[in-house]
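Here is a short tour of one model, written to be read with the structure open beside you. Take a moment to look it over, and then we can walk through a few of its features together.

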Amino acid sequence: MARDQHTTTTTGLRDWPFLPARGINIVDADDCWLIDSDGRRILDAAGGAIVANVGHGRAEVADAIREASLHPSYVVPTWKTPQREALVERLRRDWLPPGLTHVHLTSGGSEGVESAVKIALQHFAAKGETQRVKIMARDVSYHGTTLATAALSGHIGRKRGLEGFLARHPTLPTPWTLRSRLGPHHPDAGAAFLEASRAAIEAAGPDTVAAILVEAVTGSSGGAIVPPPDYLPGLRALCDEYGILLIVDEVMTGFGRVGAKFAADHFGVAPDLLVSGKGLAGGYAAICGVFATAAVAEPIAAAKDISVMFHTFAALPSACAAADAVLSILEREQLVARAGAMGAKLRARLDERLGQHPHVAEVRGVGLLQAVEVVRDRDTLEPFAEEEKITDKIVREALRRGVFYYPGGTGPVRDILVMGPPFTVSDAQVEQMADTLADSIDAVLA
Ligand code: PLP
């Protein structure tokens with residue numbers, strides 16, 4: 001369908017106005033299934049945008065939202081409510097890495113990352129280190145759609161048309177073992193990425209850098225890139241050496257998606273600031289958490305004239321109640337461990353079906369965040385031409401076959417299919433996800 005054509009529904013509602021039309025109208029859902037207006041069931045292999053961690057249709061979350069909304073529907077975010085207190089208590093008790101005691105809430109991931117960046121900058125301003133005004137992020141990454149987070153993101157596609165306005169920030173290399181300068185999957189890849197990161201920090205001027213912003217496991221921009229095991233601890237050490245704060249963006253990976261509470265846990269790394277959104281309320285409410293250490297927060301609290309502003313809809317009682325209910329489901333049904341176990345099954349089936357495919361560069365990921373990178377040539381990693389829109393074609397073909405995958409990739413690494421289903425996904429469903437993807441890739445590339 002041409003880019004400027006939009007399908008309309010019986011209500012006359014057009015598709016999302018500024019994105020290419022897909023003409024999908026979802027009217028119902030049940031756990032891992034989406035149901036469209038024709039009654040067709042679509043397997044939600046992506047949990048929407050890697051969000052629906054506890055599945056669709058959870059009555060207890062809906063009840064919690066209803067109950068919260070019957071009391072004060074809104075108070076200014078700086079005031080306490082029982083819903084926010086319960087959520088913060090649960091987060092501190094059961095979820096957050098040790099030391100991350102200060103909880104700032106926002107409505108979404110972009111706002112969350114931007115708030116973390118502001119907190120880092122304000123932290124140094126409060127300490128009088130006013131020269132620390134730079135934020136470094138990585139060359140393949142996604143941190144959000146606001147102007148500041150888009151500028152920090154290494155996502156060419158989502159910056160198009162904004163390039164003249166967006167600020168330029170110094171970058172670090174994305175720790176990508178497939179594309180290590182030492183060759184694919186070299187045992188010293190982690191050390192090489194750290195060496196390049198040190199050089200980038202030195203070039204930026206270490207005393208001028210406030211924070212380094214990274215995804216612990218890169219989400220859809222690069223397609224579930226898991227760094228070598230020594231990389232994140234090494235980056236933590238570099239930050240400590242130079243007095244730079246480490247902000248870990250786990251908007252996509254947090255709250256169990258990767259088979260651990262947070263992806264940083266897999267590497268034994270404690271960030272100074274952690275941002276995590278999508279899975280916090282699993283799509284039932286718009287809420288994201290920015291979690292900071294006391295060492296980060298205290299100078300700001302002590303400064304008389306510096307404060308971190310809230311967003312109006314941060315900490316809505318209904319959103320806090322939804323998040324509290326979702327976290328309680330994750331705990332009761334032990335869904336974080338299940339995400340790890342089902343992720344291993346999904347990965348095994350993907351490896352079996354696509355691991356040696358001539359047009360698959362790599363199957364990669366951890367837990368229930370898995371991705372397949374499609375290329376023209378597996379050996380040289382040459383991509384298909386952008387105009388061929390291979391990812392779009394595969395997503396459309398798979399939808400025709402009844403499964404939804406999330407399109408990822410950017411720049412030269414452009415054809416990526418991401419999977420992130422609800423943690424309740426069954427054995428039969430992970431097989432269907434792997435098989436339909438393999439069949440759709442073959443159908444499109446035939
Ligand atoms: N950071 C990461 C790693 C993300 O994956 C996303 C969204 O996909 C964001 C930030 C932005 O979050 P939002 O779309 O909720 O603003």
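This is a predicted model: local features need pLDDT of at least 70, side-chain atom pairs count only at pLDDT 80 or more; totals for chains, interfaces and linings use all residues.

## A strand and its neighbours

Ile247 has Leu273 in β9 as its bridge partner. Strand β10, residues 288-292, is joined to β9 by 4 bridges, and here the two run antiparallel. If you look for Ser276, you will find Gly289 of β10 standing opposite.

What covers the two faces of β9, or are they open? Both faces are covered: Leu273 and Val275 are buried on one side, and Leu274 and Ser276 are buried on the other.

## An aromatic cluster

Now turn to the aromatic rings, where the count comes to 4 aromatic pairs. One of them is Trp95 with Phe255, a tilted pair with 5.6 Å centre to centre and 50 degrees between the planes. Trp95 belongs to helix α3 (residues 82-95) and Phe255 to the loop between β8 and α8 (263-266), so this pair ties together parts that are 160 residues apart in sequence. Trp95 and Phe255 are both buried.

Phe255 also pairs with Phe291, this time edge-to-face, at 6.5 Å centre to centre and 80 degrees between the planes. Here the loop between β8 and α8 is linked to strand β10, with the two residues 36 apart. Phe255 has a relative accessible area of 0%, and Phe291 likewise counts as buried at 0%. Together with Trp95 and Phe262, Phe255 and Phe291 form one aromatic cluster.

## Around the ligand

Which residues surround the ligand? They are Gly108, Gly109, Ser110, Tyr142, His143, Gly144, Glu215, Asp249, Val251, Met252 and Lys278.

Several polar atoms are worth a look. A backbone N or O atom of Gly109 lies 2.8 Å from an oxygen atom of the ligand. A polar backbone atom of Tyr142 is 3.4 Å from a ligand nitrogen atom, and a polar side-chain atom of Asp249 lies 2.7 Å from a nitrogen atom of the ligand. Taken alone, the ligand exposes 390 Å², of which the protein buries 82%.

Notes
Residues are numbered from 1 along each chain as its sequence is written. Side-chain values use heavy atoms; hydrogens and water are left out. A residue is near a molecule or strand if one of its heavy atoms lies within 4 Å of it. A polar contact is a pair of N or O atoms within 3.5 Å; within protein, one must be able to donate a hydrogen and the other to accept it, and residues adjacent in sequence count only if both atoms are side-chain atoms. Accessible areas come from the Shrake-Rupley method with a 1.4 Å probe; for residues, only the protein chains shown count as cover. Buried means under 20% relative accessible area, exposed over 50%, partly exposed in between (1.4 Å probe, protein chains only). Two strands pair if DSSP finds at least two bridges between them. Rings of Phe, Tyr and Trp (its six-membered ring) pair if their centres lie within 6.5 Å; planes under 30 degrees apart count as stacked, over 60 as edge-to-face and the rest as tilted.
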